[in-house]
Amino acid sequence: MDAIIQALIQGILLGGFYAAMVLGFSIIWGVMGVINLAHGEYLMIGAYLAWIFSTYLGMDPFASLIIILPIMFVVGYAIQRLLINRIVERPHLMALLVTFGLGIAMANVVKLLYTSDPKYINVTYDGATDLAGFTFSNIKSLIFIASLIIMVVLTLFLQRTRLGKSIRAAAQNKNAARIVGIEINQVYAVTAGICIALTAAIGAMYALVVPVYPFMGPPFTLRAFTITALGGLGRIPGALIGGMVLGISEQMLARFIPNIGTNLGIAISFVLLVIVLIVRPQGILQGLRPMDEVD
């Protein structure tokens, strides 16, 4: 029983990271109808930025978020404004090809600059805390707390601010949004900037847990598909539930199936994706309030 509870704890901590990781992917898809196949590469860029600031400036990865967030917001805003906005109204295949090409380009540029050797970030607070006989990773616990904070802040932003309501209006009906004076291209660019900045921030934090290398992105993009299918487009509570389901599934199987480890994660993602698409393609939280409903 203790082994099951310990695996459950690890799965919940991992699920919190997955939930925050998928937010940018889910919201961009829900607002613009663009499936961002470069999602994992933005996470990878965030991880590399954390490593760079840690290695050359001695900054803690959590502290470096103060710099990473605005940098990646500008990057996301510029890419959306200069490139993606030009194809967002065209057939979906074009957006798939463009974002896929962006992902390949980013990964290979990073490889040319820093080689493919894994990079590691070491911090003094790495370790674990025992509580009630169970072990909690210090870093994973911090990432879990930060992920919950990100989800709460993003929810309040979308529901309470004028810009957030404009984003939700654009997701619900972009033609009606244009009629009431919302500049759709600007809303799309700001949305992309926010989502890509958050994705990079999650990557920066997760660089404390995993080795950083140029081609680490695609597995996270595949997981993002699964979690979005589980929770539904743009549903932040759905992202949390979907992340928990995937995280707990991975940890349970890794714990109790010998010689498998976490390499089974991608296979689990595909199995869950197929099951959800067959049984409940609208997502777990269909019927609850989606992100794109406007007050």
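## Salt bridges: the criterion

A salt bridge here is a side-chain nitrogen of Lys or Arg within 4 Å of a carboxyl oxygen of Asp or Glu. The model is predicted. It holds four salt bridges.

## Arg223 and Glu250

Arg223 and Glu250 form a salt bridge. Their closest N and O atoms are 2.9 Å apart. Arg223 sits in helix α9 (residues 217-231) and Glu250 in helix α10, so the contact ties together parts 27 residues apart in sequence. Both partners, Arg223 and Glu250, are buried.

Lys174 and Glu89 meet through their side chains in a salt bridge, at 2.8 Å from N to O. This pair links distant parts of the chain. Lys174 belongs to helix α7 (residues 174-179). Glu89 lies in the loop between α3 (65-82) and α4 (92-114). The two residues are 85 apart.

Arg178 also forms a salt bridge with Glu89. Here the closest N and O atoms are 3.4 Å apart. Arg178 lies in helix α7, and Glu89 in the loop between α3 and α4, so this pair ties together parts that are 89 residues apart in sequence.

Shared partners join Glu89, Lys174 and Arg178 into one network of salt bridges.

## Exposure within the network

How accessible are the members of this network? Lys174 has 27% relative accessibility, Arg178 has 39% and Glu89 has 46%. Buried means under 20% and exposed means over 50%. Lys174 therefore counts as partly exposed. So does Arg178, and so does Glu89. Arg223 and Glu250, by contrast, are buried.

Helix α5 covers residues 138-160. How well does its span agree with its 23 residues? At 1.5 Å a residue, the helix should span 33 Å; its end C-alpha atoms are 33 Å apart, which agrees.

Which residues of α5 are buried? They are Ile139, Ser141, Ile143, Phe144, Ala146, Ser147, Ile150, Met151, Leu154 and Leu158. These buried residues pack against five named elements: α1 (2-32), β2 (134-137), α6 (162-172), α8 (184-206) and α10 (236-256).

How values were computed: Residues are numbered from 1 along each chain as its sequence is written. This is a predicted model: local features need pLDDT of at least 70, side-chain atom pairs count only at pLDDT 80 or more; totals for chains, interfaces and linings use all residues. Side-chain values use heavy atoms; hydrogens and water are left out. Helices (H or I, at least four residues) and strands (E, at least two) are DSSP runs, numbered from the N terminus. The expected span of a helix is 1.5 Å times one less than its number of residues. Buried means under 20% relative accessible area, exposed over 50%, partly exposed in between (1.4 Å probe, protein chains only). Contact means heavy atoms within 4.5 Å.
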